[in-house]
Amino acid sequence: MTVDNAVARIRNIIESESTAYYSNDELKEFIKMGVDEFIQQYYMAFETTQDARDKLSDLVISKEQALQDSAPV
């Protein structure tokens with residue numbers, strides 16, 4: 001899921017006449033904070049549990065991957 005997909009999904013979930021409006025920049029900042037929190041939660045356990053390794057596997061750059069292959073958030 002890209003950040004733009006996440007923004008669209010959040011808009012579908014929260015937008016109604018009774019909720020506050022958030023700009024795309026605000027939503028992107030919330031998404032970035034959520035990603036940062038997720039990484040921090042599992043990063044410390046990466047070396048010790050398979051569950052943490054599985055959850056962070058898409059973010060790990062291996063010897064076979066080039067840095068430009070990864071997608072920025």
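Modeller: Helices H1 and H2 are roughly perpendicular to each other (a term for angles of 65 to 115 degrees), since helix H1 (residues 3-14) and helix H2 (residues 24-43) pack at an angle of about 105°, with their axes 10 Å apart. On the H1 side the contact (heavy atoms within 4.5 Å) is made by Val3, Asp4, Ala6, Val7, Ile10, Arg11 and Ile14, and on the H2 side by Asn24, Leu27, Lys28 and Ile31. These residues divide into seven nonpolar, one polar and three charged; Ala, Val, Leu, Ile, Met, Phe, Trp, Tyr, Cys and Pro count as nonpolar, Asp, Glu, Lys and Arg as charged, and the others, Gly among them, as polar.

This is a predicted model, in which local features need pLDDT of at least 70 and side-chain atom pairs count only at pLDDT 80 or more, whereas totals for chains, interfaces and linings use all residues. Residues are numbered from 1 along each chain as its sequence is written, and side-chain values use heavy atoms, with hydrogens and water left out.

Within H1, the buried residues (under 20% relative accessible area, with exposed meaning over 50%, for a 1.4 Å probe and protein chains only) are Ala6, Val7 and Arg11. Seen down the axis of H1, they fall within an arc of 140°, so they line one face of the helix, and what covers them includes H2. The face turned away from this buried side carries the exposed residues Arg9, Asn12 and Ile13.

Arg11, with a relative accessible area of 15%, is buried, and, leaving aside residues up to four places away in sequence, Arg11 touches Tyr21, Tyr22, Ser23, Asn24 and Leu27.

Note on methods. Axes fitted to C-alpha atoms, helices over the stretch in contact; angles between N-to-C directions. Helix = DSSP H or I, 4+ residues; strand = E, 2+ residues; numbered from the N terminus. Parallel < 35°, antiparallel > 145°, perpendicular 65-115°, else oblique. Arc of directions from axis to C-beta.
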